[in-house]
Amino acid sequence: MRILFSIKYFVLIILLCLSFPVSAEDKKENASTDLLIISSYVSGAPWSQTIISHIMQKEYDRRDVSMKVEYMNILTIETPEILKQYKENLFSTYGETPPKAVLMLGNAPLLLRDDMRKHWGDISLIVCAESKYVGSDSTYIYNQVVPEQNRIYLRDLRDHYNMTYLRAHSFIPQNIRMMRSMLPDMKSLLLIGDQTDRDIDYDQQIQNLIKTEHADLDYKFLSAGTWSSDLLLDTLRQVSPKETGILFASWFHKRMFAGNMVLMANSYKVIANSSMPCPFFALSASLSSIEEDGNIIGGCVYDMDLYCEEIVKAVDAVMDGKRARFIPPYEPEPIVIFNYPYMVDFGLSPDNCPAGTVFLNAPPTFLEKYQSALVVGSILLLLVVLFFQFRRNKILERLQLVEQNQRFTHTKLAMALEVVDLLPWQWDLQTDEITYSSYTPIEPGKEAISEMTYSIKMQDYLTYICEEDRERLRKVFQDIRSNKVKEIREEYRIHRPDTMERDMDWMEARGFVEQYDEKGTPLMVVGSSLFITERKVAEQELIAAKERAEEANRLKSAFLANISHEIRTPLNAIIGFSGILTMTEDEEEKREYVNIIEKNNAILLQLINDVLDLSKIEAGAIDLHYSEFRLNKILVILKDVIERRLQSGVELIFEPGMPDDYLVFSEQNRLQQLVLNFLTNACKFTSSGSIRYGYEVREKNIYYYVTDTGSGIPEDKLQLVFERFIKLDNFKQGTGLGLPICQLIIQNMGGEIGVKSTLGKGSTFWFTLPLQPKR
């Protein structure tokens, strides 16, 4: 395993060397740099080098993308002058050919954001942030905690600096809770870190957690700024393994070399591989030592491969022309990773790990260990099963063929019975249960006892029979049980299960006793039920047709008798007074006889016109001529006609429902005929009071009415007024055809007619006509 790591590390160094600038002159030879990577740390720092290596491997195929890497060595920038010198060197190198985008590894490169904006304009910044905020220059130079009031949060910098960020999250609360679960006797907590802004922030977070959630723990920060590696190792060898939890962040160590301050990035290797009594829990997802270094057993981290893939996506998007401020920030999800052998070596049980823990280098399970043998055995077992299944299928095919033939025969029989609406059944008198064959059960949702065969209790079956027939059928069935009758032949009404409850079907049941016991008591009745609804409907239609024919014959005779009587009455008057007219010499008598003759001529003409109108309407030859007219003007004309017919003391009142200029599109002549007929009838039966007529415009129609204070109509005769030749007062003049003609006209015009009346108080005749749009 360590040999593989050495090879990987060697390849990584080669790739980095090929990409690193050697000198300023070498950099200036390159025309431009697409992506400038600035790391907070030095070459070889695990977290940043993992990201750089991943990007270079992924972007190797993008021939049009050139990359350069710069290291800030943030711990060596100890004064503002050194930071200023670093900025001058950076912008003198890339000032003339600025990169298209800058990838910042850690928060420290954000110290350059204003200078980059000054020299390179609105350049895209991709920040791999270890903290969600950034502080002033001094906090990084002097390794200080950023006060809360001085914190500048990354979310507030995105739009102004054309920046997006990917949070390199440290799941400190989750790690501490997990450590306490795996180390039940834990009393103290150690954080191994250094003076980088990231580890200072970790220390601050843990101090806050100790105060709020873990006050029973003793906490200490072992910093590389104040502790040497040897002192650290000596201290760690003396701790209690069961009572001490150790969080490992990083161990960047500064040393003077050849008069210069250098940053040692790989010092943690010595610590991670030393013989220690306690395991280290990792805070950084970049630690390949989770898999390779003996003391670091794992921890709650984020998926480093997935994190690097998100960085590559952001870089690709910027290289394709997308502005960094439009790329959403990325927050990784926590995962728990443990190196199984190292964890077991320290006496920790995998059962105490959180659900979903990923175990590296775990021993193979039983299935993994004997996978080949299980596969071979499964194949042999499968072949045996297939052989017996093949034989079983052959037998089932033969049985299925026999069953299919039986089903086909049964289906044909059922279809034949269904076509003729015949329902075969048998009634078991011992269980009082009826078994029948049908496509649909009488009881909805009833399960079949076999294919298309159902059963129902006799008492339940009786509930489907019409109440008028139920007692009669119950008596017949009781006679069968008591052996009084041997056959059944009854007609009754029943509810079908697939019809509405109010719908009834007629059924004819026929049956006979098929089986008796040794004492002669009936045991089984077999029979069939036939739906005879159509036959019953036909019978009822024949009866109705016979009644209609008889009624038509009666109406014809009544029509001839009435019309003969109505014609004879005015004709007798005309003929009689015409003969008298020739014999009288008195002029006043002559004028009286002429008036009587003219009046009866009008009656005879009205009778003939009514008969003609009635015959034309019934023949469908009624003429309707629609036009646009002023409604009030047409109805006012009728007032002059009717006032001459009013009895003494009766007032005629017109009540318009709309202004005088209101226009309608209707049949003018028929409308006048309808209202005039209503007014004429009102004049006959109103001897005092008033007659009011008018209209109301409603939603989709016009409501016309004539209201009088006359004699009124008895309630039992209200429906008779629209019958032909019906005269409620035989002493009043008229033929009895006016209202039936009005009804037919209104029906042909799409309206309705009606009457409301109180005997002795008066009547209101009304009709409605639909509002017609102008054509």
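This is a predicted model: local features need pLDDT of at least 70, side-chain atom pairs count only at pLDDT 80 or more; totals for chains, interfaces and linings use all residues.
## Basis

Local features need pLDDT of at least 70, side-chain atom pairs count only at pLDDT 80 or more, and totals for chains, interfaces and linings use all residues. Residues are numbered from 1 along each chain as its sequence is written, and side-chain values use heavy atoms, without hydrogens and water.

## Nonpolar cores

A nonpolar core is a set of buried Ala, Val, Leu, Ile, Met, Phe, Trp, Tyr and Cys residues joined through side-chain atoms within 4.5 Å. Buried means under 20% relative accessible area (1.4 Å probe, protein chains only).

The largest core has 93 residues. Trp47, Phe281 and Tyr307 touch the most other members. Helix α13 (residues 304–319) gives the largest share, 9 residues. Helices are DSSP runs of H or I, at least four residues, numbered from the N terminus. A second, separate core holds 41 residues, including Leu638 and Leu671.

## Helices α21 and α22

Leu638 also lies in α21 (residues 631–643), and Leu671 in α22 (residues 668–685). The two axes, lines fitted to C-alpha atoms over the stretch in contact, come within 10 Å and cross at roughly 35°. Their contact (heavy atoms within 4.5 Å) divides into 12 nonpolar, 3 polar and no charged residues.

## Helices α8 and α9

Helix α8 (residues 172–182) packs on α9 (residues 197–212) at about 55°, with axes 10 Å apart. Ile172, Pro173 and Ile176 of α8 meet Tyr202, Gln205, Ile206 and Leu209 of α9.

Notes. Buried means under 20% relative accessible area, exposed over 50%, partly exposed in between (1.4 Å probe, protein chains only). Helices (H or I, at least four residues) and strands (E, at least two) are DSSP runs, numbered from the N terminus. Axes are lines fitted to C-alpha atoms, for helices over the stretch in contact, and angles run from 0 to 180 degrees between N-to-C directions. Ala, Val, Leu, Ile, Met, Phe, Trp, Tyr, Cys and Pro count as nonpolar, Asp, Glu, Lys and Arg as charged, and the others, Gly among them, as polar.
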